[in-house]
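Here is a short report on how one protein chain packs. Look at the nonpolar core and then at the sheet with its helices.

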Amino acid sequence: MIDPIADMLTRIRNAVTAKGTRVDMPSSRIKADIARILQDEGYIQGFKVLDETPGAPKGVTPVKTLRLFLKYGPHGEKLITGVQRISRPGRRVYFGRDDVPDVLAGLGTSILTTSRGVMTGRAAVKAGVGGEVLCNIW
């Protein structure tokens, strides 16, 4: 897989479009950090890192799986209406601490990877750090 973060975002987008309750994907530390931010910002109910792939046959090397539990509004409306991958392996996008843009005039969230870890754009501005913008979500 060339871009695992784009794969994660596509799985989330497809699951929300299909009104799914959960979505599974291969796990990594950065994906778990993104899931933590999505939970903190109220886009998902929660997440779990499973030690083994569900339904994998015995004898296969266990692969950790990240399971996200999606969240919807009181009348079934989507809380995640858009996901956009910004920085890709072929085109990295960085912003300084003073240049971190707002997403939909503050209604969305940008997720950055900084020298202090993965955080939202608002938290990066507050901490006075810039970094690579992974994605925007609204």
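## The main core

The largest nonpolar core has 24 residues. Met 8, Ile 12, Leu 38, Leu 68, Ile 80 and Ile 111 touch the most other members. A nonpolar core is a set of buried Ala, Val, Leu, Ile, Met, Phe, Trp, Tyr and Cys residues joined through side-chain atoms within 4.5 Å. Buried means under 20% relative accessible area with a 1.4 Å probe, protein chains only. Two or more residues each come from helix H1 (4-17), strand S1 (22-26), helix H2 (29-40), strand S3 (65-70) and strand S8 (131-137). H1 gives the most, with six residues. Helices (H or I, at least four residues) and strands (E, at least two) are DSSP runs, numbered from the N terminus.

The model is predicted: local features need pLDDT of at least 70, side-chain atom pairs count only at pLDDT 80 or more, and totals for chains, interfaces and linings use all residues. Residues are numbered from 1 along each chain as its sequence is written, and side-chain values use heavy atoms, leaving out hydrogens and water.

## The sheet

S1, S3 and S2 form an open sheet in the order S1-S3-S2, with antiparallel pairing. Strands pair if DSSP finds at least two bridges between them. S1 and strand S2 (44-50) are the edges, each pairing on one side only. The twist averages 20° from one strand to the next. S2 and S3 are joined over six bridges. Lys 48 stands opposite Arg 67 in S3.

## Helices on the sheet

H1 lies across S1 and S3, at about 160° to S1. H2 packs on the sheet and touches S1, S2 and S3. Its direction makes about 155° with that of S2. Contact means heavy atoms within 4.5 Å. Axes are lines fitted to C-alpha atoms, for helices over the stretch in contact, and angles run from 0 to 180 degrees between N-to-C directions.

Note on methods:
Buried means under 20% relative accessible area, exposed over 50%, partly exposed in between (1.4 Å probe, protein chains only).
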